[in-house]
Amino acid sequence: LRKPDQLDELLSVWKPGSPVVAINAAAGVKPVPAGPEVREVLHRAAQYSEYTGGKFDVTFGVLSGLWRFDAQNEDDRIPDPAEVQARLPLINYQALALNATTGTAYLERKGMSAHLGGIGKGFAVDRVAAILHRAGFNNFLIQFGGDMLASGSFRTVKLWRSPRDVQREAKATGSLGEPAAP
């Protein structure tokens with residue numbers, strides 16, 4: 001399966017050359033080519049923004065660097081309220097324009113920044129699940145950085161182990177479907 005890596009390349013805000021990085025760099029300047037999957041996830045994000053009245057907003061990227069939640073950047077610093085206030089005008093999902101005809105995405109104000117941290121991994125999980133289903137797999141567990149999907153039915157309890165777990169310890173156990181007959 002190459003799809004997870006492909007989606008990571010497309011949806012990353014950290015990887016130079018990703019369409020999302022290009023969209024952010026061109027904010028307020030010009031629309032940027034964005035493939036169907038990038039436009040789809042941005043469209044879904046805009047829909048969720050509408051559903052939540054803006055409480056979920058894919059254009060929150062301008063705030064993401066103020067808090068340092070990543071382990072490598074963690075410093076327990078709380079940003080100055082003035083820093084937050086200065087960036088709030090750059091958050092507005094309604095200023096994200098998607099054009100299926102031209103295949104572009106555009107953030108209408110310079111300095112805006114889309115960030116797919118709240119939707120990207122879930123989108124990728126759904127895409128990989130669809131691929132597995134089309135290939136005839138029904139029983140599987142997908143986990144991308146905390147976003148998880150379990151599919152299928154097992155007649156007995158199964159232990160799920162991470163392939164990266166060198167101690168081979170079960171991190172979670174569970175049963176999907178009906179329990180085995182006695």
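Is His 115 buried or exposed? His 115 is buried, at 13% relative accessible area. Buried means under 20% and exposed over 50%, with partly exposed in between, using a 1.4 Å probe and protein chains only.

First, the ground rules. This is a predicted model, where local features need pLDDT of at least 70, side-chain atom pairs count only at pLDDT 80 or more, and totals for chains, interfaces and linings use all residues. Residues are numbered from 1 along each chain as its sequence is written, and side-chain values use heavy atoms, without hydrogens or water.

Now the chain. It has 6 helices and 7 strands. These are DSSP runs, numbered from the N terminus: H or I of at least four residues for helices, E of at least two for strands. The order is α-α-β-α-α-α-β-β-α-β-β-β-β. Of 182 residues, 31% are buried.

Back to His 115. The residue sits in the loop between β3 (104–107) and α6 (120–134). Beyond its neighbours within four places in sequence, His 115 touches Val 13, Trp 14, Val 58, Phe 60, Gly 61 and Ser 64. Contact here is heavy atoms within 4.5 Å. A polar atom of the His 115 side chain also lies 3.0 Å from the backbone nitrogen of Gly 117.

Next, α6. This helix has 15 residues and spans 21 Å from first C-alpha to last, close to the expected 21 Å at 1.5 Å a residue. The expected span is 1.5 Å times one less than the number of residues. Its buried residues include Phe 123, Val 125, Val 128 and Leu 132. Just after α6 comes Gly 136, with a positive phi of about 95°.

Technical notes. A polar contact is a pair of N or O atoms within 3.5 Å; within protein, one must be able to donate a hydrogen and the other to accept it, and residues adjacent in sequence count only if both atoms are side-chain atoms.
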